[in-house]
Each structure stands twice: as structure tokens, then as C-alpha cells.
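Please read it alongside the sequence and the structure.

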Amino acid sequence: MFDIGFSELAVVGVVALVVLGPERLPKVARTAGHLFGRLQRYVATVKADLNREMEFSELAKVKQEVQEAARAFEKSTQDHVQSVESEARNISASLEKLPADAAADIAPATQMQMLAAQEEGLTGKSDAVALAEAESSVTPAAVPSIQTPPARVTAPAIAIERGMLDFGIEPVRTSRA
């Protein structure tokens, strides 16, 4: 901070001893030390306040960026929801315009019919065509029944049933000779 060497400090000390005298020099040195300590604490406090303000301004910038990103995400989500809702309204309106007998042809398919249609590769066709083809080709005998595989019983399970725990560790046997 200051460019003061040992020789300059010695000169200042000798001058202070001559000017102040040996009785008042310790009291003045103690007071100067207290003032110097206060000055150092004040400088440290100012530095800490400046660093805190800088960090606060950086955090405020980050907060603003996060809020802008959240607003953009919310807006894009709302736009997507609106587009899906408008598409659903369009489909609903087009279904209401269809005659009653045509709507009966596009009745929702059962799960078995949808599975059969997927297996036959009819998913690329329109729903009405795929449904009609699926209805004509699906019979209860054509759909394989789902069977569960038989339960496998392992050796540890059998041992547990018998009240034993088998960890695969052989007991240590000692022979007496």
C-alpha cells in the first residue's frame, strides 16, 4: 500500500520519540494503532459491500434471463395448446357435419381390432379404411390367446419353502484326527 522501508520507519520513530517524549509515545502509538485498525475494517467493509452489490447485480441479470426464458416457454406452450385445441375443434366440427350413418362407420375400434390392424400394417391407411379392413379380418379365433409362462421354481425358492436359506456357501468342516 505505502512504499515505506525499514529505514524510513526508524526515522519516523526517532522523530516521534523526540517530539512526543517517552511518556506520551506509547499512548499515541496505541491510539494510532486503533485508528489504523478502524481504517482497515472500514476499507474491508466497503470492499465487501462493493462485491455484494456486484454479485447482486449479476444475480439480478440471471434472474431476469430465467424469467424471460420462463415467459418464452409459457408462451410457446400456450401457443401449442391453442393449436391443439383449434385442431380438436376442427375435427369435432367436421365430425358433426358428417351424416349419422357415416359416423357409425367411423365408430371407435375395439382394442383387439386396433391390435390386429397394427399387426397387419394398416396404420398408414385412413382410420375408416383401416377399421373396415380390420373388422373384416378379425375373428375371435384369429386372435391368439395370451398365455402366461409357467412359473420357474429355482433351487433357492425350494430351499426357502423347506425353511432353509441357501446362499451357496458350503459349511467349513474340520476333521479330527
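1. Asp49 pairs with Arg52 in a salt bridge, with 2.9 Å between the closest N and O atoms. The two residues lie about one helical turn from each other because they are three residues apart in helix H1. Asp49 is partly exposed, at a relative accessible area of 35%. The model in which this pair is found is a predicted one.

2. Lys75 and Asp79 form a salt bridge, the closest N and O atoms being 3.3 Å apart. These residues are four apart in helix H1, so about one helical turn separates them. Asp79 counts as partly exposed at 37% relative accessibility.

3. A salt bridge also links Arg89 and Glu85, with the closest N and O atoms 3.7 Å apart. Here too the spacing is four residues in helix H1, about one helical turn. Arg89 is exposed, with a relative accessible area of 52%, whereas Glu85 is partly exposed at 40%. A search of the whole structure finds three salt bridges.

4. Helix H1 covers residues 6-97, 92 residues in total, yet its end C-alpha atoms are only 102 Å apart. A straight helix would reach 136 Å at 1.5 Å a residue. H1 bends by about 110° at Gly21, and Pro22 follows within four residues.

5. The protein has five helices and zero strands, and its elements run α-α-α-α-α from the N terminus on.

6. How many of the 177 residues count as buried? The figure is 6%. The protein exposes about 16,100 Å², 62% of which is supplied by carbon and sulfur atoms.

Technical notes: Residues numbered from 1 in each chain as written. Predicted model: local features only at pLDDT ≥ 70, side-chain atom pairs only at ≥ 80, totals over all residues. Heavy atoms only, no water. Expected span 1.5 Å × (residues − 1). Bend = angle between axes of the 7 residues up to and from the residue. Buried < 20%, exposed > 50% of the residue type's maximum accessible area, 1.4 Å probe, protein only. Areas by Shrake-Rupley, 256 points an atom, 1.4 Å probe, with all protein chains shown as cover. Salt bridge = Lys/Arg side-chain N within 4 Å of Asp/Glu carboxyl O.
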